[in-house]
Amino acid sequence: MTLSKMNPAQMIVLESFASVQSQEELNGLVDVLKMYYAQLLDKEMERLTAQGVDSQVAMAYLEVGLLVAERKLFHKARMI
C-alpha cells in the first residue's frame with residue numbers, strides 16, 4: 001500500500017472526527033456533512049433541470065448518489 005499526503009480538506013475532516021468525544025457530537029458532525037452534500041445535490045439538480053433533464057429523471061439520478069454517499073458515511077461513522 002502506498003501512502004499519499006493528505007490534502008487540506010482531508011486534514012480538516014480527520015481533525016474534526018478526531019475531536020469527537022461522544023455519540024451526540026458524532027451525530028452532529030455527520031448531520032453537518034449531510035447538509036453540505038444535500039446543498040451540493042440541490043445545486044446539481046438545478047443545473048440538470050436548467051439543461052432540460054426531466055426533473056424526475058434528475059431526482060432519481062441524484063437520489064442514488066445521495067444514498068450511496070450516506071451509506072458510506074454512516075458505515076464509517078459506526079466504526080468509531
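Buried means under 20% relative accessible area, exposed means over 50%, and partly exposed is anything in between, using a 1.4 Å probe and protein chains only. Keep that handy for the exercises below.

What you're looking at is a predicted model, where local features need pLDDT of at least 70, side-chain atom pairs count only at pLDDT 80 or more, and totals for chains, interfaces and linings use all residues. Residues are numbered from 1 along each chain as its sequence is written, and side-chain values use heavy atoms, with hydrogens and water left out.

**Exercise 1.** Find Ser16: which helix holds it, and why does it count as partly exposed?

*Solution.* 
- Step one: Ser16 sits in helix H1. Helices (H or I, at least four residues) and strands (E, at least two) are DSSP runs, numbered from the N terminus.
- Step two: Ser16 is partly exposed because its relative accessibility is 27%.
- Step three: look across to Leu26, ten residues away in sequence, with 9.5 Å between the two C-alphas.

**Exercise 2.** Work out the overall layout: how many helices and strands does the protein chain have?

*Solution.* 
- Step one: count three helices and zero strands.
- Step two: read from the N terminus on, and you get α-α-α.
- Step three: check burial. The chain has 80 residues, and 14% of them count as buried.

**Exercise 3.** Take helix H2: what distance does it reach from its first C-alpha to its last, and which of its residues are buried?

*Solution.* 
- Step one: H2 covers residues 23-50, which makes 28 residues.
- Step two: its reach is 40 Å, close to the 40 Å expected at 1.5 Å a residue. The expected span is 1.5 Å times one less than the number of residues.
- Step three: the buried residues in H2 are Leu26, Leu29, Val30, Leu33, Met45 and Leu48.
- Step four: just after H2, Gly52 takes a positive phi of about 95 degrees.

**Exercise 4.** Which residues make up the largest nonpolar core?

*Solution.* 
- Step one: recall that a nonpolar core is a set of buried Ala, Val, Leu, Ile, Met, Phe, Trp, Tyr and Cys residues joined through side-chain atoms within 4.5 Å.
- Step two: the six members here are Phe17, Val20, Leu26, Leu29, Val30 and Leu33.
- Step three: H2 gives the largest share of this core, four residues.

**Exercise 5.** Leaving aside neighbours within four places in sequence, which residues is Ser55 in contact with?

*Solution.* 
- Step one: Ser55 lies in helix H3, residues 55-78.
- Step two: contact means heavy atoms within 4.5 Å, and Ser55 is in contact with Met45 and Thr49.
- Step three: Ser55 and Met45 are ten residues apart in sequence, and their C-alphas are 7.9 Å apart.
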